[in-house]
Amino acid sequence: MSERNDVVTMAHGSGGRAMQQMIERMFLSAFDNPWLNEREDGARLSLAALSQQGDRLAFTTDSYVIDPIFFPGGNIGKLAVCGTANDLSVSGATPAYLSCGFILEEGLPMDDLQKIVSLMAQTARDAGIAIVTGDTKVVQRGAADKIFINTAGIGVIPGDVAWGAGQIQCGDKVIVSGTLGDHGATILNLREQLGMDLGIQSDCAVLAPMVTPLRTVSGVHALRDATRGGVNAILHEFSEASGFGISIDENALPVKPAVRGICELLGLEPLNFANEGKLVAVVSAQAEDTVLKLLRSHPLGADAATIGEVTENPQVCLRGALGVSRQLMLPHTEPLPRIC
Amino acid sequence: MRFVDEFRDPKLAKTLIERLHKRAAQLPYTAEKPMQIMEVCGGHTHAIFKFGLDKLLPPQLEFIHGPGCPVCVLPMGRIDACCEIAAHADVIFCTFGDALRVPGKQGSLLNARERGADVRVVYSPLDALKLARENPQRQVVFFALGFETTLPVTAVTLQQARREGLTNFSIFCQHISLIPTLRSLLQQDDVRIDAFLAPGHVSMVIGTAPYHFINTQFDKPLVVSGFEPLDMLQSVFMLVEQVCEASCKTENQYRRIVPEEGNVLAQNAIREVFQLSGSSEWRGLGLIEESGISLTEAYRAFDAERRFSPQTQSVADDPRSRCGDVLTGRCKPHECPLFGTGCTPHNAFGALMVSSEGACAAWYQYRYQENKQEQQEMKQKVAG
């Protein structure tokens, strides 16, 4: 009996007493807020309170299926909060409310679930975000990999903020908020059991406190957080949406030596590695210094750097260490290490 | 980063390039008919494109991208055999990552995994051996491929498996030998490669002596080269020096890694476990005599082909593809009629588009757009 209580069972998804107990003891106590505590089918949010903060809602959703679910710097729960909150932040919004849906594999240790939920709750609370509604499903062993989490979020965009790739102009500067690939390298090292002592951890973080001051700077044109696909994917998205090209300088890319090392060893590019606490900003040349100063004044942006600029030629190009420029292509699929 | 940044120093590179331009002006070659230097190894090809070294060369010099990428010379039929073995319910099939996407006639190992085969990416054959220990009820097969670079570690793994008496571990052997390939290239008609950059990591194992026939029998200079930009620029300079001085020898630029005699321990391990065994089929190049490698009698028990008897399949390359011509310097990747249309990294027809180290894949990744116009003009010409 005690063994069954240590793991998630099909009963926890049945809608019966076991499920009610888990919701009560695990989720309600961790996420604890007035909207969730009403225990209605939907969270009832005040329009008036939202309207006071801006004139548009940002609404986004993402699903998290990472392996391994625990890693240096966080776990899947923290990732599920940060990822969705950051998608709201880079839209110019103040993240306010999240939903979360859990898909749990039968046999998941309750301790693991507790750790995940606790870190989710703490991350959200620290960022002033409320997890106001949710859902739990349990699937049979083998039908899912331990735990999948979906979060959706809403935030409010102040009236004078209009960031978007359509605002990008030729001559704009491209800025990254810190070192590239820390999350991707950490996960690769763990998932593939490379056993390297990299001394790095995932950069998984809520970016809102670093982003908020940028809303007062005129000349900030577009922001994206550089998650899956890395900075390379974002540069291509910006280029495609704006019709302009982007030229970046390899020597200007901030990359930790350990991340460079793992990339050199395996023949991978830090530009393609995922980040969970980094953004790419496109700003006017006039705003460049102000934006760099603001980013660097926050601990999450201490290594912020200008990496290139927007060009007329509609290609994404990388100027290499020896000064030769080449077109930067998007990998057609997940990069695989080379044999030699 | 130590041992990397020193060999990418832009100032040193500039000095070296200037010296190279001056010296190359004294070569008997011209911009119309440049001195063709074959970089044999896919790692070198990758570095050339990544750092734009070809754009820094004087017009009298030209890189020809050789056959030294073990993944892109994999014949399709061998992949089909891998998929057949991997499809056995009790098999865990282990492969290096970049072999996962190489297409066979029946699809790639990635497709086999999608169909339910237990195909896993490993970083070393020792990882596969560990899996065999941990799964005594399963058959673990390692897809052993590569030149002399990866042969020693496969050999050491099999020595270990034999010591432990493992009966659920075997290898599907697609190791190949570099030297017979170079000989075969040089024996072909109308190939006019003028000099060779030899791969540093192969030489780390075999040493420099096996290359001497290239100097003595074919009258071509060769330099064993490292993989960083300064290594390669210096190696090119050494080749140019040789031609200007009318000498023809094997030189070792990569002395910090490559001893002249190679790695004797590794050579002994290879000798114990492997033997040269007749002709081997190479994608894009056809059959090459004495380039195939098989297990010695003492290690035959670890031969996956003996254990699973997959069908022997010979699959012809697409007749329109010009892989062989690219590999021998007769044409550039974008001059092939399939390049960028029928043959892309998403859907590779030809050998050299398969691996990220292949000449066509590197050209596609780094040069595609700038050559698009030229390519279209050529296609119109062909069509007309």
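Predicted model: local features only at pLDDT ≥ 70, side-chain atom pairs only at ≥ 80, totals over all residues.
**View 1. A salt bridge joins B:Glu241 and B:Arg23.** Start with the side chains of these two residues, where N and O lie 2.5 Å apart. The partners come from distant parts of chain B, 218 residues apart. B:Glu241 belongs to helix H11 (residues 229-244), while B:Arg23 sits in helix H1 (residues 10-24). B:Arg23 is buried, with a relative accessible area of 16%, and B:Glu241 is partly exposed at 25%.

**View 2. B:Asp118 pairs with B:Arg120 in a salt bridge.** Here the closest N and O atoms are 2.9 Å apart. B:Asp118 has a relative accessible area of 22%, so it counts as partly exposed. B:Arg120 is partly exposed too, with a relative accessibility of 28%.

**View 3. B:Arg256 meets B:Asp231 in a salt bridge.** The N to O distance for this pair is 2.9 Å. Again the link runs between distant parts of chain B, with the two residues 25 positions apart. Look for B:Arg256 in the loop between strand E9 (250-252) and helix H12 (264-273), and for B:Asp231 in helix H11.

**View 4. Four residues of chain A form one salt-bridge network.** Shared partners tie A:Asp182, A:Asp203, A:Lys256 and A:Lys278 together.

Key:
Residues numbered from 1 in each chain as written. Chains lettered and ligands numbered in written order. Heavy atoms only, no water. Helix = DSSP H or I, 4+ residues; strand = E, 2+ residues; numbered from the N terminus. Buried < 20%, exposed > 50% of the residue type's maximum accessible area, 1.4 Å probe, protein only.
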